[in-house]
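Subject: Structure handover and findings

Hello,

I am passing on the structure you asked about. My notes on what was found in it follow directly below.

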Amino acid sequence: MAAVSTSVRSLPSVRHLRLSRLSPTVAPGRLSYSTGIRAISPICSVRSRRSDYRARFSASAMAESSKAKVEVHDSEEVLAASLAKYTADLSSKFVGERGAFTFVVSGGSLIKSLRKLTEPPYVDSIDWSKWHVFWVDERVVPKDHDDSNYKLAYDGFLSKVPILPGNVYSINDALSAEGAADDYETCLKHLVKSGVINISEARFPKFDLMLLGMGPDGHVASLFPGHVLINEKVKWVTFIKDSPKPPPERITFTFPVINSSAYIALVVAGAGKAHVVQTALGDSQSSEKLPVQLVSPEGELTWFLDKGAASML
Ligand SMILES: O=C1O[C@H](COP(=O)(O)O)[C@@H](O)[C@H](O)[C@H]1O
């Protein structure tokens, strides 16, 4: 695999890892590591909670490589500041280039790390009116349920910034898991047709920025280790009824969609995930890859780690 390298920004509190498959070396302010990273609705529910609660990846991704950057921050606080700047810069780039910014979030701990976007200077400088917000996965529960990724994002982020309610694409929580997945895929197709979402050469939706969290088992979105859904090659959005992590019923983007993204940020904080980060970024010889190792976008992948998450690198 070719060396994957980075040209990361020079934040003083960030250690930049230049990834290569060669032996690890350490240089002042810059570390190099071996890596096994395979830098690989009818009408949708577009209404916000505020209104009424309705409101190339290829099969061979594992054999491919792509560029990945790794940022290691001294703390989650510094990570959140860097993530806010990264997101604001991409918002400005895409709004300038295409007049819209398609932004995909996960649930889980990631949402807390978006808090700096809700504060000055970003809350005032970002052109929120051009944002279109999507979920990489969602639990099939009502939108006011504590397990809802929509509720999590609304409470922690969306309610604090002036994104247009009509540009928030939450799932239809009145449907079954299968119905909600179909409905969300149909929604994406409409938005591709109307030009809000770009399309990849392989004819999958190409989001401008996707923010992914990672579970302690190496899952991303609702794509779990060893589950058949990680092999889905055709559907854009699929469903799961036996998620090993509760709640059991969820919908999720598939890897072809995830890997069509222009930019992906993988955001991982805390020592509890250090061993999975080590597996993902290490020189793993295992033939069975964790879902996180299948994240290999056409565009650019950046890992945002805090010291704890990077502690086993
Ligand atoms: O269940 C889920 O878990 C993952 C990881 O969550 P975290 O709390 O360990 O960061 C999350 O990315 C996903 O969106 C969510 O549905």
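In strand 14, Trp303 is the bridge partner of Leu266. Helices and strands here are DSSP runs numbered from the N terminus (helices are H or I with at least four residues, strands are E with at least two). The pairing behind this contact is between strand 13 (residues 263-268) and strand 14, which are parallel and share 6 bridges. Two strands are said to pair if DSSP finds at least two bridges between them.

Before the rest, the basis of the numbers. This is a predicted model, in which local features need pLDDT of at least 70 and side-chain atom pairs count only at pLDDT 80 or more, while totals for chains, interfaces and linings use all residues. Residues are numbered from 1 along each chain as its sequence is written.

Strand 13 and strand 14 form a right-handed β-α-β unit with helix 6 (residues 274-281). Right-handed means that, with the strands pointing away from the viewer, the path from the first strand over the helix to the second runs clockwise. Within helix 6, the residues Val276, Val277, Ala280 and Leu281 are buried. They lie on the same side of helix 6 because they cover an arc of only 120° around the axis; the arc is taken over the directions from the helix axis to the C-beta atoms.

Strand 6

All 5 residues of strand 6 (residues 131-135) are buried. Trp131, Val133 and Trp135 point one way from the strand, His132 and Phe134 point the other way, and all are buried. Strand 5 (101-105) runs parallel to strand 6, with 5 bridges between them. One of the paired positions is Phe101, whose bridge partner in strand 6 is Trp131.

Ligand shell

Which residues are around the ligand? They are Ser106, Gly107, Gly108, Ser109, Leu110, Asp137, Asn149, Gly213, Gly215, Ser222 and Lys245. A residue is listed if its C-beta atom, placed from the backbone, lies within 6 Å of the molecule. By class the shell has 8 polar, 2 charged and 1 nonpolar residues. For this count, Ala, Val, Leu, Ile, Met, Phe, Trp, Tyr, Cys and Pro are nonpolar, Asp, Glu, Lys and Arg are charged, and the others, Gly among them, are polar.

Backbone geometry to check

Most residues other than glycine have a negative phi, and most peptide bonds are trans. The following entries depart from that.

- The peptide bond from Pro120 to Pro121 is cis, with omega near 5°. Pro121 is in the loop between strand 5 and helix 2 (122-125).
- Pro246 and Pro247 are joined by a cis peptide bond with omega about -5°. Pro247 sits in the loop between strand 11 and strand 12 (250-253).
- Arg203 is not a glycine but has a positive phi of about 70°. Arg203 lies in the loop between strand 8 (198-199) and strand 9 (205-206), and counts as exposed because 12 other C-beta atoms are within 10 Å.
- Ala221, also not a glycine, has a positive phi of about 50°. Ala221 is in the loop between strand 10 and strand 11, and is buried, with 30 C-beta neighbours inside 10 Å.

Val220 lies in the loop between strand 10 (209-212) and strand 11 (237-240). Val220 is buried, with 27 other C-beta atoms within 10 Å.

Overall

The protein has 6 helices and 14 strands, and 49% of its 313 residues count as buried. An unreviewed UniProt entry lists residues 75-303 as "domain: Glucosamine/galactosamine-6-phosphate isomerase". UniProt positions are given in the numbering used here, feature names are shortened, and annotations may be inferred rather than shown by experiment. The span 75-303 is 28% helix and 17% strand, and its end C-alpha atoms lie 14 Å apart.

Regards

Definitions and conventions:
A residue is buried if 20 or more other C-beta atoms lie within 10 Å of its own, exposed if 12 or fewer, and partly exposed in between; C-beta atoms are placed from the backbone.
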